[in-house]
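Visitor: I would like to go through this structure step by step. Could you show it to me, please?
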Amino acid sequence: MTVTLLTGARILGGEPGELAIADGLLVDPATIDRDTAELVDASGLVALPGLVDLHTHLRQPGGEQAETIATGVRAAAAGGYTCVFAMANTTPVADTPAVVEQVHRLGVEAELATVRPIGAVTVGLAGERLADMGMLAGSAARVTVFSDDGHCVADAELMRRALEHAASLDAVIAQHAQDPALTRGSVMHESPLAAELGLTGWPSAAEAAIVARDAMLAEAAGARLHVCHVSTLETVEVVRAAKARGIAITAEVTPHHLLLTEELVRSYDARYKVNPPLRAERDVRALREALADGTIDIVATDHAPHAPEAKQTAFADAAFGMVGLETALGAVQQSMVETGLLDWAGVARVMSTTPAAIGREPGYEAPLAIGSPAHVVLVDPAARGTIEASRLKGRSANSPFLGVELPGRVLHVWHAGRRTVTDAEITEKQVQA
Ligand SMILES: NC(=O)N[C@@H](CC(=O)O)C(=O)O
Ligand SMILES: [Zn+2]
Ligand SMILES: [Zn+2]
């Protein structure tokens, strides 16, 4: 059994200390044999718990030209993630035990991170009748999160029944909040800029109105509601009011909505086309403040890989979505840590502990504590690097950060004690002789 001793790392950004890994767990450094342990000098690095992404599109089955589970977990590991929740908008949709079990199994085979399949709320994401949520929860894939992401569960009665069902399963409904009637043909934020660019806008109310409705439905059902990719100031205010009322609502923000604005759409470059759209400066400010004060609970990437053909077209026709697993931590460092809004312990909370808690993924309750599974990330916060397509580990490179410098570098990652990233490269499986 290899025992690994990490020395000198600032634990959760605090004082330098030691971490010891043995048998997949974090153990007391005082109890290990230092003469035989593998030593990792982590001086100057920050130690964080493995990151957990509650919102990842891995595209398999059906979208393998954009990403596979094997390539997606490489991107995840490189970004510091040890667990990702895979969205249900695959082909076929993850609305049957067969599909969620396939995704789960491919994740186990890919090894680099835990893959937790998300189940569809409605059959085929069609918004007409509920998927058999109980079957998905009871399958070998143990589904705990249900979402029609990519589509809104727009029908209030269906949403109400989904919430009631989820409550009985201790599952959560992750809603893609977008009133379809308010967003017909919309491709960017509704604003003077949209008018200037001749593109159809997307009102903030299309998001906030659904969140307000769903909060009331969740309260009545005694259910947990999670709001995907909050993008506007108005939604932040609705979530804040719902929390003040005691409603079991949680919310996520993406790294791109914390850092980027609609101004980028001036280029008509489809890399900046995303659902929900990049918004205005005042929204970015509100999202950062909401993440800092706990109104928004977590950062989720909404990693949405697309093949080049889907993006190399007119802005109005291109697919929505951006890859994000490999740039998330840097974007959060820049928008939240370097602005003084969040310390590293806060980053651990919003990118690991709380997303794991929402998704009921065990092992992340006590970040870096002795006895916990050894999900560990060592990041060099002083490093800066320009994002290059050729260096991304995922299959698609539709990143809004190409050519952009971001702070921080994920250097080493352990997933359940297994080294998945070494010196910022994927640790390839040792071939047994
Ligand atoms: N975010 C996106 O722009 N696209 C997502 C769907 C979604 O998250 O709504 C996708 O699957 O490509
Ligand atoms: Zn979505
Ligand atoms: Zn999504």
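Visitor: Which residue does the UniProt annotation "active site" cover?
Guide: According to the UniProt record, an unreviewed entry, the "active site" annotation covers Asp302. UniProt positions are given in the numbering used here, feature names are shortened, and annotations may be inferred rather than shown by experiment. The model itself is predicted: local features need pLDDT of at least 70, side-chain atom pairs count only at pLDDT 80 or more, and totals for chains, interfaces and linings use all residues. Residues are numbered from 1 along each chain as its sequence is written, while chains are lettered from A and ligands numbered from 1 in the order in which they are written.

Visitor: Where does Asp302 lie?
Guide: Asp302 lies in the loop between strand 15 (298–299) and helix 10 (308–311). Helices (H or I, at least four residues) and strands (E, at least two) are DSSP runs, numbered from the N terminus.

Visitor: Why does Asp302 count as buried?
Guide: Asp302 counts as buried because it has 30 C-beta neighbours inside 10 Å. A residue is buried if 20 or more other C-beta atoms lie within 10 Å of its own, exposed if 12 or fewer, and partly exposed in between, with C-beta atoms placed from the backbone.

Visitor: What is Asp302 in contact with?
Guide: Leaving aside neighbours within four places in sequence, Asp302 is in contact with His55, His229, Thr254 and Gly324. Contact requires that the C-beta atoms of two residues, placed from the backbone, lie within 7 Å.

Visitor: And which residues are around ligand 1?
Guide: Asp302 is among them, together with His57, Asn89, Asp149, Gly150, His176, Val274, Asn275, Ala304, Phe320 and Gly321. A residue is near a molecule if its C-beta atom, placed from the backbone, lies within 6 Å of it.

Visitor: Where does UniProt place the feature "binding site"?
Guide: The unreviewed entry places this feature at Asp149, His176 and His229. Although spread over 81 residues of sequence, they cluster in space, with a largest C-alpha distance of 10.1 Å.

Visitor: What does Asp149 touch?
Guide: Not counting residues up to four places away in sequence, Asp149 touches Met87, Ala88, Asn89, Ala174, His176 and Cys228. Asp149 has its place in the loop between strand 9 (145–146) and helix 4 (156–168), and with 25 C-beta neighbours inside 10 Å it counts as buried.

Visitor: Is His229 buried or exposed?
Guide: His229 is buried, with 24 other C-beta atoms within 10 Å. Its place is in the loop between strand 13 (224–227) and helix 7 (233–244). Beyond residues up to four places away in sequence, His229 touches Glu252, Thr254, His257, Pro276 and Asp302.

Visitor: Changing topic, in what order do the strands of the open sheet come?
Guide: The order is 6-7-8, with 3 strands and parallel pairing. Strand 6 (51–56) and strand 8 (114–117) stand at the edges with a single partner strand each, so one side of each is left without a neighbour in the sheet. The twist averages 20° from one strand to the next. Two strands pair if DSSP finds at least two bridges between them.

Visitor: How many bridges join strand 7 to strand 8?
Guide: There are 4 bridges between strand 7 (residues 81–86) and strand 8. Val84 has Val115 in strand 8 as its bridge partner.

Visitor: Which strands does helix 2 lie across?
Guide: Helix 2 (residues 97–110) lies across strand 7 and strand 8, running at about 175° to strand 8. Axes are lines fitted to C-alpha atoms, for helices over the stretch in contact, and angles run from 0 to 180 degrees between N-to-C directions.
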